[in-house]
Every structure is written in structure tokens, then in C-alpha cells.
Amino acid sequence: MSPQFDRLYPVQPAGDKISSVVSAKQHETEEAELRFMKTFANRPSNIGFFESIVTEKMFSKKTVPRVGYFCRFIPEEIIWALGAEPVRLDCGNNALVPVGEEALCGGICPVAKASFGMFMMKDSLASSCDILLLTAACDAKKKLGEIFSDSRPVFVLNLPPEKNQTLYADFVLSEIFRLVVFLEKKLNVKLSAGKLQSAIEMTKERYNLVMEISQMRMQNPSLLSIHDFYLIIQSSSFYPVPFSKWLSETRAVCREMRLSKLPADKAVLRLLLTGVPVIFPNFKVLNLIHEAGAEVVADTLCSGIQSFSDRIILDELDRKSLLRALLNRSVFASLCPCFISQTWRINRILELLSEIRIDGVLQYSFKSCQLFDMEDYRIEKILKVKGMPYLNLSTDYSPHDSEQLRIRLEAFFEMIYRSR
Amino acid sequence: MNLFWKTLEPFSSPFLLLFFLLFFHAVNRSRFSYPFRLFILAVMTGILYFAYSSLGINEDWLLFLKRLNSPFVLALSLLVVPAVILYGKKIYPLFLIVPIFFLELAIWKICSSDPLSGGFHWFRIPCEYLIMGVVSFLVILSFFLSVDTLRKGARITFFILLIYGGFVFRQDESDYQFMLTRRGEAIKGKFNAVETHPVLGSENALSYLPSAPCRFSADGGYVQGCVMELLQRIYQFDDTKSMSSHPGFTAFLSMILSALLFLILLHLIGARFWCGWICPLSTLGDLLDTLRRWVRFPHYKPPEKLKMSFFYSGFSWGVLGLLLAKAYAKLGPDGTHLGCRIPLYPFCRLCPGQLVCPAASRGWEGHFSLPGMEWMFGLFKIGAVTLLTVYLLSFLAARRLWCRFCPMGMIGGLFNRVSLLRLSKNSTNCSGCGTCNEVCPMNIHHVQEEMKQKNVSHFDCLLCLKCVTHCPKKKCLSLEFCGKVIKES
């Protein structure tokens with residue numbers, strides 16, 4: 001099989017930047033966010049563990065090969081089953097955006113710019129990865145593949161344009177087999193059905209814990225702030241952490257929440273957050289919501305609760321069926337706007353609206369993301385028919401427009417209060 | 001004891017059951033309160049009961065009605081339908097008194113019949129006791145087991161009943177002695193076996209089930225046979241013999257019509273449910289499927305384009321069988337028609353069921369030999385071997401691919417969208433994951449693709465309910481009976 005990137009025109013890989021200024025700024029952004037979060041009341045007692053993961057103080061020594069991936073289309077279980085460590089490389093650090101902008105153009109998704117910026121920094125998590133896996137979901141991620149291929153082995157997973165399992169299930173399966181063959185060759189190990197099944201069992205517990213916490217939050221959001229919840233969720237996939245340790249700490253958080261006697265605040269505004277990934281430390285929109293006095297009770301974000309809300313259903317246990325079950329969860333149940341139809345994202349929003357009491361839907365999108373911009377048009381009209389207040393915040397990573405966003409948010413909340 | 005069964009007789013009429021179900025459907029769509037609904041249904045049942053009893057005034061009508069009665073309908077009316085309606089409700093444990101009673105009745109009957117001296121103890125048990133006992137057993141199990149396990153249990157139970165039923169369970173002493181005499185005779189010219197003697201059958205009533213309970217199982221099997229057997233029986237009758245020349249014509253006609261009506265009624269109630277939960281031919285084949293899963297071999301998913309070709313092949317086979325049955329009726333005195341030798345029940349001679357079921361119930365010595373090349377220039381020999389190979393291969397490699405060929409299943413599939421048992425979907429909750437297709441033994445994509453209509457029943461659907469039990473989204477897929485949700489994901 002021909003490789004995806006023929007090295008016909010090799011380019012000198014981007015030099016490792018050792019700029020201490022950027023590095024300091026990077027850590028300062030993270031610390032600033034954590035400092036803000038320390039002002040919250042009622043944080044879990046072991047939140048320090050999760051904080052230390054995201055500030056990379058718990059940077060574990062690399063004992064197994066590290067495979068960096070983007071998006072949630074590639075099942076982590078495959079990487080675990082091949083004996084490697086998966087790390088999600090979508091970056092949320094504003095300080096790394098100018099670093100990426102030096103090499104790439106300015107008008108693209110800030111996630112892509114920041115991720116590339118992180119990759120260019122020596123000693124960062126991204127540059128410690130041995131193999132990189134991307135998906136051809138959106139344009140930025142698609143083209144990043146070739147840029148990365150100058151310095152690391154890269155595989156770009158092709159996705160179907162339509163979320164049609166009848167037509168494209170075999171196509172996606174053959175693409176995954178291509179990915180598996182690529183990884184097997186690079187890691188020098190074979191993927192067996194038994195190892196895949198035990199990886200699936202391992203991640204099943206993570207699913208159960210996240211869903212339980214999410215259910216408790218839906219009843220009473222003051223039990224755990226959305227910031228802390230995202231810290232817990234993202235610390236398991238964005239950073240290398242011993243899985244069993246993460247599970248036991250999260251179980252402790254869950255236990256604490258179950259025993260907590262905190263009364264639910266009936267007056268707080270309950271929001272459904274949808275849109276682009278919100279990745280630590282880019283909690284700008286969450287901070288604004290918190291300061292305006294509302295709570296996010298549910299989301300459809302690929303970096304939030306939605307990333308763990310679809311179960312893997314196993315029927316037959318041979319390798320092909322296990323991979324198909326993984327793909328059903330990762331690709332065909334995905335709500336990413338990179339597909340032709342947005343029906344399933346709207347389905348999920350309406351399902352959540354009917355399940356729990358929600359006062360407003362907030363879409364958070366990037367100025368440079370065409371996909372979410374285009375989807376905003378129809379979602380607004382559909383939700384208007386349903387009588388649900390809706391707001392689209394189009395912004396960037398930089399904190400400069402915080403005040404304008406705050407004014408818009410407060411006006412939105414006031415409108416909801418008045419119509420209650 | 002006879003009085004007891006006589007009082008229950010109206011409940012073994014499919015007409016009563018069907019009218020009751022139609023009322024139930026109408027009541028479900030109304031806005032009456034729950035106690036009022038129960039009251040209306042009780043009153044309707046009473047009215048129907050007395051209507052049936054009052055029809056005894058007319059002898060001919062009574063005879064016709066009696067031909068339709070069957071212990072299977074009695075089991076449906078008293079056990080299965082209430083169990084399905086009350087499944088999951090709080091009052092369900094209270095209802096379980098009824099199946100427990102019937103089960104104990106069956107056990108009492110077995111124990112109270114005289115034991116035989118030495119050898120295998122054949123169970124001599126009248127049909128009503130046996131059917132009610134078996135179905136009661138399953139209904140009691142449904143309280144404890146999940147739907148998947150219950151389905152497997154039901155398939156194994158009916159496999160034992162329908163394949164070994166003729167072998168082990170007999171009606172009474174005279175029936176049993178007759179069976180022993182038959183076994184003592186040498187079975188001459190097996191390919192010419194004219195009539196087998198099912199347990200559940202009297203001179204004037206033929207009992208059929210919609211799926212494939214092949215009556216060529218040892219000692220005639222339990223029921224008369226499948227729907228194709230009935231159709232062949234109709235075609236094989238020489239229509240030159242009219243009412244005036246053939247004295248038994250009227251009796252034959254009423255027998256056939258009542259059997260046909262009974263089958264249509266069963267289909268209207270459950271459609272292809274019989275394929276998914278009862279058919280013993282598929283249970284036999286699924287042994288091979290279990291073997292494949294045990295060795296972790298991936299199954300073959302035929303491409304979409306081939307699906308219609310499977311349908312056409314099975315359809316052609318069915319039509320060919322019926323045309324040959326029509327030709328059988330025209331056989332000349334030398335046993336040929338247009339130079340071809342055609343056996344009785346030509347469709348059955350091609351069907352793998354006729355080779356597999358007797359072998360399963362009596363062992364190798366019970367199997368029918370393959371026809372020689374003189375029967376229709378070898379068409380039967382080659383056809384039987386080909387279809388047997390297709391049957392074995394499709395169950396070995398492709399889950400329930402055989403059910404796409406099966407003409408009996410196709411007739412059931414016609415009723416799928418209009419029957420009282422339906423699969424319905426709440427599209428708002430669908431995430432598009434395709435798990436329903438992944439677990440479906442018939443590889444149906446329709447359930448996952450359909451996003452606008454509520455009724456997602458499909459021609460191929462066997463109502464095995466695997467999609468409903470495996471769907472990861474809450475309240476997305478559900479099984480509806482007369483408009484009432486029984487099980488949802």
C-alpha cells in the first residue's frame with residue numbers, strides 16, 4: 001500500500017523553539033485559569049490531583065511509545081490495545097497561538113494554530129509524541145497532517161462526508177484497517193482481539209463514571225462546577241496519566257458528590273453549551289458564564305461530556321466486529337459539523353431539552369470555523385420554532401473581546417429572566 | 001376435567017382472540033382511564049364468550065368454528081397475550097398464578113398416566129395440557145430472564161417440542177399404539193412417503209404454524225406443517241373433482257379454508273415474530289452460527305445489491321414448488337405428467353428442512369434418502385443438494401441469510417407492516433450510531449436510516465428484538481403491541 005505522504009519534497013522541519021518567554025506565558029495562562037477556579041466554592045477535595053495533571057507537574061516518564069491524536073474520531077482503545085499511550089493534542093493555550101501563526105496563516109482555527117505552536121515547542125507534550133494521528137474532518141486538521149509529516153510519522157484518517165452507515169460503514173472500516181496496519185508497522189506489534197476487548201473494558205469504567213457525575217450535575221449543578229468537571233474529563237485524554245490512578249481519584253469525586261448534602265439552587269439559569277471544543281486553559285466562555293451567574297448543565301462538545309456519552313455496544317467478539325463497534329461509537333454517533341447533515345446534533349440538543357429543564361442554548365464558535373458558522377443559521381431558526389432562547393458567541397482564544405461577550409451574555413440572560 | 005376444557009373452549013378460537021385484540025387496539029388509542037379500560041375489556045371478553053357459545057345453535061357454523069380451534073390459540077389467549085400486555089407492570093407477579101396453575105396441571109397429567117414397563121417412557125399427554133404447560137413455563141421464565149435469554153429459551157423449547165414432539169409426546173394410548181405399529185413396519189420407498197401423522201391433528205382439523213415446523217420430523221412431527229405445505233395441499237388437489245363427483249370435497253374445502261384462515265389470523269397477530277422466536281429450522285441452523293461465534297470468526301455481510309437477488313431466488317423456488325404441485329394434480333396413470341415424474345409435495349422435496357429435521361429427530365437412520373435422477377430428470381436431486389448446501393453455508397457464515405431465501409418467511413414478511421406487533425422508533429433520540437444494524441441478524445439498515453416515520457417494521461425483520469435490547473439511547477426503539485409499548489431501549 002502506498003504511504004499517505006510520499007517524501008518527494010521534504011521540508012526542513014520546524015525548528016524546536018526554546019523561547020523561554022513563550023514557555024513562561026504558556027504556564028502563566030494555565031496558572032491564571034487555575035487561580036480563577038480556586039475562587040469557586042465547593043470544589044472536590046482531591047482537585048489538586050487533576051490540577052497537577054493539567055499543569056504537567058505529573059509528567060510521567062515515557063515508558064511506552066506515545067501516540068498523539070486529534071479529535072475524537074480515532075478510538076483510543078486501538079492505541080491502548082497496541083501497547084502505546086494515547087494523548088489528545090488539541091491545544092487550548094492562548095500563548096501558543098502566535099507561535100503557530102508564525103508558520104501557518106492567521107485566518108485558521110485557533111485550535112490548529114495552538115496545537116502546531118505546542119508542537120514547535122521543545123519539551124512539550126506534543127513534541128514528545130512518536131507518532132501523530134489526525135483526521136480529515138475539517139480543513140485545518142486535514143492539512144496539518146502534511147506539515148507534521150516532515151518531522152514525525154503521520155497518518156490522516158479519511159472520514160465519509162455523510163453520516164450514512166449503510167453506504168460508508170465498509171469505507172470507514174477499511175480506513176481503520178489502514179490505520180491499524182500503519183500503527184502495527186511503526187510500533188512493531190500486532191493488534192489482537194483479546195487486547196482490544198480488554199482496552200474496551202478499561203474505558204467502559206471511565207464512561208460510567210463520567211455519565212454518573214453528569215447525571216448528578218444535571219439534578220444539581222452546584223455539586224461540581226463545569227470547570228472542575230472539564231478538568232476531570234480532559235485530564236484523562238489530553239495528558240498522559242496512569243489510567244487506574246485517574247479512575248480511583250474520579251471514583252472519590254463521585255463518592256463525595258453522592259454524599260454531598262448541598263441543596264440545589266432553583267433560581268440559577270441552566271444552559272446547554274454546544275459548539276467548538278472548550279479545552280483547558282481556554283475556559284474563557286465558561287468563566288464568563290460563571291461570572292454572569294449561570295450554570296452549564298449539559299453540553300454537546302467533543303471535549304466535554306458528549307465525548308464520553310456514547311457507549312460501545314459489543315455483539316460479536318472477533319477483531320472486525322470489535323472495530324466496527326468502536327467505529328459506531330466514534331464516527332457514526334459523532335456530532336461534529338464536518339458531516340453534511342446536522343440532524344444528529346439537533347437531535348441531541350432536542351433530546352436533552354426534553355430530558356431536563358434547560359433555560360437557554362448557547363453556541364460557542366470560532367470566528368474562523370466555517371462549519372459551526374454555517375450550522376448556526378439553521379439551529380437558530382429551529383430553536384426559535386421550539387421557543388428556546390439561543391445565542392451564538394463567535395470569538396477566538398484571545399481575551400481581548402471578553403467584555404463585549406460579557407455584555408452580550410448578560411443581555412441574553414436578562415431576556416431569559418424576563419420571559420420566565 | 002373435560003368440563004374444564006370445555007369452558008375454556010371459546011378461548012381457543014382465533015376469532016375471539018382477534019376481535020379482542022382489535023378492541024384492545026381501539027381502547028389503547030382512546031383516552032379512558034386505566035380502570036375503565038380494564039372494565040371495558042372485561043365486558044368485551046364476556047360478550048365475545050357468550051357470542052361464541054350462542055353460535056352453537058347452528059350445527060354447520062359450529063363445525064366450521066371448531067375446525068379453527070387450536071390449543072396454540074388457547075395458549076395465546078390465556079397466557080401469551082396477557083403476559084405481553086402486563087409485562088413490566090406491577091400486577092405481573094399476580095398474573096403469574098395462571099401459568100403456574102397450568103404448569104402444575106400438565107405435570108399432574110404426566111405423573112398420573114400409567115408408566116410403561118421397561119424401555120423409554122414415552123410421554124402420553126393430551127395436546128392441551130402439553131401446549132399450556134410449555135407456554136406457561138416460558139411465561140414464568142419471562143419474569144426472570146432478559147429478552148435475549150428468553151428468546152433463546154423459547155427457541156430451544158419450541159425446537160424440542162416441534163422436532164421431537166411427534167417422537168416423544170403422544171395424545172393417548174391408542175395414538176401411542178398406532179405409532180408403535182407404524183414404526184414396526186418397514187418404511188418402503190421413503191421418497192414416496194405419503195402422509196405422516198402429526199400429533200396435533202384430528203381427521204377434520206389441520207394445525208399449522210407460520211414458521212417451518214417441518215412435519216417430516218420423526219413420527220409426523222407435532223403440527224401438520226408450515227404454510228407452504230398447506231399451499232401445496234391446495235394445489236395438489238385435482239380440481240376436476242368437483243362437489244358432485246367427489247363426496248369428500250366439501251369437507252376437504254372447509255378443512256383447507258379453516259387452516260388458511262387460521263394461518264392468516266396468526267400472521268396478523270405476530271407476522272414474522274414466528275420466524276424469530278419459534279422456527280425450529282433456524283434454531284438448528286443457529287447451532288452453526290454459535291459455532292462460528294465461538295471460534296471468533298467474523299460474519300459475512302452480503303452487499304446491498306445482492307439482497308434483492310436473494311429474495312428473487314427464494315421467491316422463484318417457492319413458485320416453482322407450487323407449479324410442480326399443480327402439475328402433480330395432473331399426473332397421468334403412469335405417474336408422469338408431460339414425461340416428468342413428480343413426487344408428492346414437490347416443494348418439500350427440495351427444502352433442506354425435509355432432510356435436516358428427520359435427521360435431527362431420529363438420528364441418521366431417520367433421514368430421507370435423496371431422490372434418484374429419475375425424478376424430473378434429476379431436478380429434485382440437484383435442487384435438494386444445492387439448497388441444503390445454501391442452508392448450511394448461510395448459517396455457517398452469514399447469521400440468518402437463509403431467512404432471506406425462505407418462502408415461508410416471505411409470506412410472513414408481507415404482514416410485517418400491518419400486524420399488531422410493530423417496531424417503532426422515536427427519531428429525536430437517535431444518534432445514528434448504527435448499532436441496530438450491527439446486531440441485526442438480517443442486516444437491516446432501514447431501522448437506522450428511517451428518521452421520519454414512527455413505524456420502522458420491515459419486510460425482513462424477524463422481531464428478534466436484538467436492536468431494541470442493544471440500542472444505547474433511551475426510549476429510541478420500542479416494540480409495540482396493539483399500539484402499546486412493551487419493551488423499549
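Predicted model: local features only at pLDDT ≥ 70, side-chain atom pairs only at ≥ 80, totals over all residues.
Trainee: Starting with chain B, how many helices and strands does it have?
Mentor: Chain B has 23 helices and 9 strands. Its radius of gyration is 23 Å, close to the 23 Å that the globule rule gives for 489 residues, so chain B is as compact as a globular protein of that length. Along the principal axes, its C-alpha trace spans about 70 × 60 × 50 Å.

Trainee: And what share of chain B is buried?
Mentor: Buried residues make up 56% of the 489 residues in chain B. If you look at contacts with a separation of 6 or more in that chain, 74% of them are accounted for by residues 24 or more positions apart. Chain B exposes about 22200 Å², and carbon and sulfur atoms supply 70% of that area.

Trainee: Is helix α11 of chain B mostly covered or mostly open?
Mentor: Helix α11, residues 227-236 of chain B, is mostly covered, with 8 of its 10 residues buried. Among the buried ones are V227(B), L230(B), L231(B) and Q236(B). The elements of chain B that cover them include β4 (205-206), α12 (249-270), α15 (304-329), α16 (346-350) and α20 (407-414).

Trainee: What does L231(B) touch, leaving out residues up to four places away in sequence?
Mentor: With those set aside, L231(B), which is found in helix α11, touches L322(B) and I411(B). As for L462(B), it is 231 residues from L231(B) in sequence, and the two are 22 Å apart in space, C-alpha to C-alpha.

Trainee: Switching to chain A, what does its secondary structure come to?
Mentor: Chain A has 15 helices and 8 strands. Its radius of gyration is 21 Å, close to the 22 Å from the globule rule for 420 residues, so chain A is as compact as a globular protein of that length. Of the 420 residues in chain A, 60% are buried, and the accessible surface comes to about 17200 Å², of which 56% belongs to carbon and sulfur atoms.

Trainee: How far apart are the mean positions of the positive and negative charges in chain A?
Mentor: In chain A, the mean positions of the 52 positive and 49 negative charges are 2 Å apart. In chain B, there are 48 positive and 29 negative charges, and their mean positions are 10 Å apart.

Trainee: What about the backbone, and which peptide bond is cis?
Mentor: Most residues other than glycine have a negative phi, and most peptide bonds are trans. The bond from F280(A) to P281(A) is cis, with omega near 0°, and P281(A) has its place in the loop between β5 (269-275) and α11 (284-291) of chain A.

Trainee: Where is N188(A), and is it buried or exposed?
Mentor: N188(A) is in the loop between α7 (165-187) and α8 (193-219) of chain A, and its phi is near 60°, a positive value in a residue other than glycine. At 72% relative accessibility, N188(A) counts as exposed, because the cut-off for exposed is over 50%. In chain B, K475(B) also has a phi near 60°, and K475(B) is partly exposed, with a relative accessible area of 48%.

Note on methods:
Residues numbered from 1 in each chain as written. Chains lettered and ligands numbered in written order. Heavy atoms only, no water. Helix = DSSP H or I, 4+ residues; strand = E, 2+ residues; numbered from the N terminus. Rg over C-alpha atoms; globule rule 2.2 N^0.38 Å. Buried < 20%, exposed > 50% of the residue type's maximum accessible area, 1.4 Å probe, protein only. Contact = heavy atoms within 4.5 Å. Areas by Shrake-Rupley, 256 points an atom, 1.4 Å probe, with all protein chains shown as cover. Lys, Arg positive; Asp, Glu negative; His and termini not counted. Charge placed at Lys NZ, Arg CZ, Asp CG, Glu CD.
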